[in-house]
Amino acid sequence: MEVLELNVLNTATAEDFKVLEVIGVGQHGMVVSATCTIPGHPNPEKLYAVKLLFTFMHDFTSAIRNAYENEWAVLSKILPHKNVVRYWAQFISLIPLSFVPHLPDYIRSYAAGKDRSGESVRRKGQFVVFDYHPTSLRSWLQDRPVPLPFEPLFSLIQDLLRGIAHLQQYRVAHLDLKLDNVLVSAEGSAVLCDFGCSHQFATPDMIMSYRHGNPVGGNKAHLSPDIITQYNHLKQSKDGQGEIDFSQQEAWAVGVLVHEIAMGRHPFVDYPLGLTSARGVVSYALEDLPPLPDQYPKSFRSIARELLHPDMARRISVKEALKQLQLCFPKSAERREVERLLAQLKAVQLARDLAEQKASQLMAERDKALLEAREARRELKEYSARCKELEQGGGEGGRE
Ligand SMILES: Nc1ncnc2c1ncn2[C@@H]1O[C@H](COP(=O)(O)OP(=O)(O)OP(=O)(O)O)[C@@H](O)[C@H]1O
Ligand SMILES: [Mg+2]
């Protein structure tokens, strides 16, 4: 089924998607939910998130354009994982008129409009197709209590760590972790999305050669103090180049997300500015971290704290945090797995019921069509018999 889906999606153009809803309009693109209408698709009702990248605003050789394409370039190199948004396909095709009215004002007339001589112009756009998930973590948290109960907090953090650990196997760092860039699946799992700032490192130590002007991550609120410090130093250095060690970046970002998910706020109100010295060093003491409420188990609070260790050499790694969480809360992990499987079972049962319903509908239609065909054959027989009679009768009459 997956191979068939992949084969079908690999032949797709934007016209092959029926747009249902605009989900998000960001700086870099517009995301819509859509179904794929290509005949032969194994599940025509399946929802996808189709992203139109605003690359058509830049010429083909521009560096900005490469940055836009970074997302699918990185995702296409890694195997699918439950906690990483599933990437299916990318293509360049004419921007369908159904997309145009939803584009931001400054882009709309560029995508489809009139040129100076009044001729209609339609442009091609870069599209990327992902699995659709119903909500972002930010929206999901909106109707939840603060502090968030331990069970969902634990499960979301474990998902994030699992997704990041999977990326790390491919020497990939997301580099723009935040509540908007995490989706929540129908089964309630956290799924990483928006890989526009991600980076695949040349070596497993996750050290990046930095040159003045290179982008470093997507949002500073989730960049670790060591990265910002290294960045500030390189920026101030004479040649403006050197290396930045990203090996413990994602662990710190998850540490921030623990606070944002649990308490709805960043652990430091004015990060990084409020913690930056005149020489560009970002620092704080472990004791400065706001405590997580006592309602969370002590071992969890301690792992959360270790994720935010200001000294990257002493900060717990993503892999180690995952291991410790599993050791400390084996029941939670098991219970979650059972819940996940039950949710999957429910989804499969629902799909089966729908398929059975459709099958019986089709069978009823077939029976009706067979009856109609039989009736038509009978009528045809009657008519031809009647025609013959008339011919014979007419012939006899003619001879008289
Ligand atoms: N696969 C998906 N399923 C459902 N919603 C999605 C999906 N991918 C993205 N979204 C929604 O669309 C929003 C924008 O997507 P994304 O972050 O990938 O684009 P972006 O252009 O980088 O946006 P921004 O500049 O706001 O970060 C996300 O915050 C999320 O709410
Ligand atoms: Mg985003």
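User: What distance separates the centres of domain 1 and domain 2?
Analyst: Taken over C-alpha atoms, the two centres are 29 Å apart. Domain 1 covers 1-132 and domain 2 covers 133-328, with bounds from an automatic or database domain assignment. This is a predicted model, in which local features need pLDDT of at least 70 and side-chain atom pairs count only at pLDDT 80 or more, while totals for chains, interfaces and linings use all residues. Residues are numbered from 1 along each chain as its sequence is written, and chains are lettered from A and ligands numbered from 1 in the order in which they are written.

User: How many residues of domain 1 and of domain 2 does the contact take?
Analyst: The contact takes 15 residues from domain 1 and 19 residues from domain 2; two residues are in contact if their C-beta atoms, placed from the backbone, lie within 7 Å. On the side of domain 1 that touches domain 2, H2 gives the most, with 5 residues. Helices (H or I, at least four residues) and strands (E, at least two) are DSSP runs, numbered from the N terminus.

User: Why is ligand 1 said to lie between domain 1 and domain 2?
Analyst: Both domains give residues to the shell around ligand 1, so it lies between them. The shell has 20 residues, the closest being Gly-24, Gly-26, His-28, Ala-49 and Asp-194; a residue is near a molecule or strand if its C-beta atom, placed from the backbone, lies within 6 Å of it. S1 (17-25), S2 (29-36) and S7 (124-131) each supply at least two residues of this shell.

User: What makes up the shell around ligand 1 by class?
Analyst: It has 8 nonpolar, 9 polar and 3 charged residues. Ala, Val, Leu, Ile, Met, Phe, Trp, Tyr, Cys and Pro count as nonpolar, Asp, Glu, Lys and Arg as charged, and the others, Gly among them, as polar.

User: Which class do the C-beta neighbours give Arg-171?
Analyst: Arg-171 has 16 inside 10 Å and therefore counts as partly exposed. Arg-171 is in the loop between H5 and S9 (172-173), and its phi is positive, about 60°, although it is not a glycine.

User: What about Met-206 and its C-beta neighbours?
Analyst: Met-206 has 20 of them inside 10 Å, so Met-206 counts as buried. Its phi is also positive, about 55°, although Met-206 is not a glycine. The loop that holds Met-206 runs between S12 (199-200) and S13 (207-211).

User: Why do S8 and S11 stand at the edges of their sheet?
Analyst: Two strands pair if DSSP finds at least two bridges between them. The open sheet has the order S8-S10-S11, with antiparallel pairing. S8 (135-136) and S11 (190-192) each have a single partner strand, so one side of each is left without a neighbour in the sheet. S8 pairs with S10 (182-184) over 2 bridges, where Ser-136 stands opposite Leu-183.

User: What makes the peptide bond from Tyr-271 to Pro-272 stand out?
Analyst: This bond is cis, with omega near 0°. Another cis bond joins Val-146 and Pro-147, where omega is about -5°.

Key
Buried ≥ 20, exposed ≤ 12 C-beta atoms within 10 Å, placed from the backbone.
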